Each structure stands twice: as structure tokens, then as C-alpha cells.
Amino acid sequence: KNHQSLFRPPYGKITSKQSKVLQERGYKIIMWDVLSHDYDKNFTPEECAANVTENAKSGSIIVFHDSVKANDNLKLVLPKAIQVLKREGFTFDKIN
């Protein structure tokens with residue numbers, strides 16, 4: 001497969017100038033449609049998992065965070081969410 005280079009702006013923030021430069025360089029700017037809230041201490045692991053599994057749909061881009069703040073929820077939620085989504089027929093693609 002020939003993949004276009006993708007760019008996800010950190011925190012979803014990007015200026016029109018940055019967007020223009022990236023697109024001129026051949027990047028496609030993408031966002032996410034499901035935010036796990038794994039970094040938010042107000043969300044329990046169960047709430048994070050439910051948020052992901054209830055809101056994911058075909059083609060979804062789900063954001064999890066590899067950070068100290070998110071680590072506790074991430075370790076519990078990500079494997080569970082993947083298991084539930086696979087059971088529901090979702091597949092996962094890696095884009096290089």
C-alpha cells in the first residue's frame with residue numbers, strides 16, 4: 001500500500017499557516033474522533049473503557065496517551081478496549 005504522510009496536530013491545535021505548509025509538503029492533516037480520557041483522574045478505568053468502546057465506529061481514530069499521567073488508566077483500559085472492539089468485529093490497521 002502507498003500511504004500518504006499523515007500529521008496529527010498535538011492537542012488538536014494548528015494554525016492556518018502551519019496547515020498550509022504541511023499540506024504543501026504532502027501531509028494530510030488528521031484528527032481523532034474518540035478521546036479516551038485516560039489522562040483524566042476524574043475518569044475511572046471503567047469509564048475510559050466504556051467511552052472508547054461505546055463511541056468507536058468504523059474508521060475511528062482513538063487517542064490514548066503514553067504519559068505518566070495516563071499510565072495507570074492506559075495499562076488497564078487499552079487491552080480491555082482492544083479486546084472488546086475485536087470481539088465486536090473491529091480490526092486495527094497500522095499506518096506507516
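User: Which residues make up the largest nonpolar core?

Analyst: As a general idea, nonpolar side chains in soluble globular proteins tend to be buried together. In this structure, which is a predicted model, the largest nonpolar core has 5 residues in all, namely Val-34, Val-52, Ala-56, Ala-81 and Leu-85. One of these, Ala-81, is in contact with Val-52, Thr-53 and Phe-64 when its neighbours within four places in sequence are left aside.

User: What is the mean pLDDT of the protein, and which element has the lowest mean value?

Analyst: The pLDDT is the predictor's confidence in each residue, from 0 to 100. Here the mean for the protein is 90, and 95% of its residues reach 70 or more. Among the elements, strand S1 (residues 5-7) has the lowest mean, 90, whereas helix H1 (residues 16-24) has the highest, 96.

User: Which residues of H2 are buried, and what do they pack against?

Analyst: The general idea is that an α-helix has 3.6 residues a turn, so residues three or four places apart point the same way. In H2 the buried residues are Cys-48, Ala-49, Asn-51, Val-52 and Thr-53, and the buried residues of this helix pack against S3, strand S4 (62-63) and helix H3 (71-87).

User: At what angle do H2 and H3 pack, and which residues meet there?

Analyst: The two helices pack at an angle of about 35 degrees, with their axes 9 Å apart, and H2 passes H3 in a right-handed crossing. From H2, the residues Pro-45, Cys-48, Ala-49, Val-52 and Thr-53 take part, and they meet Asn-73, Leu-76, Val-77, Lys-80, Ala-81, Val-84 and Leu-85 of H3.

User: Why does Ala-49 count as buried?

Analyst: A residue is called buried when its relative accessible area is under 20%, and Ala-49 counts as buried because its value is 5%. Beyond its neighbours within four places in sequence, Ala-49 is in contact with Val-77 and Lys-80.

User: Is Ser-36 buried or exposed, and which residues does its side chain reach through polar contacts?

Analyst: The same cut-off of under 20% applies, so Ser-36, at 0% relative accessibility, counts as buried. Ser-36 is found in the loop between strand S3 (34-35) and helix H2 (45-55). Its side chain is joined to that of Asp-38 by a polar contact of 3.1 Å, and the side chain of Ser-36 also reaches the backbone oxygen of Val-63 at 2.9 Å. Not counting residues up to four places away in sequence, Ser-36 touches Cys-48, Asn-51, Val-52, Val-63 and Phe-64.

Technical notes:
Residues are numbered from 1 along each chain as its sequence is written. This is a predicted model: local features need pLDDT of at least 70, side-chain atom pairs count only at pLDDT 80 or more; totals for chains, interfaces and linings use all residues. Side-chain values use heavy atoms; hydrogens and water are left out. Helices (H or I, at least four residues) and strands (E, at least two) are DSSP runs, numbered from the N terminus. Buried means under 20% relative accessible area, exposed over 50%, partly exposed in between (1.4 Å probe, protein chains only). A polar contact is a pair of N or O atoms within 3.5 Å; within protein, one must be able to donate a hydrogen and the other to accept it, and residues adjacent in sequence count only if both atoms are side-chain atoms. Contact means heavy atoms within 4.5 Å. A nonpolar core is a set of buried Ala, Val, Leu, Ile, Met, Phe, Trp, Tyr and Cys residues joined through side-chain atoms within 4.5 Å. Axes are lines fitted to C-alpha atoms, for helices over the stretch in contact, and angles run from 0 to 180 degrees between N-to-C directions. A crossing is left-handed if the near helix is turned anticlockwise from the far one by less than a right angle, and right-handed if clockwise.
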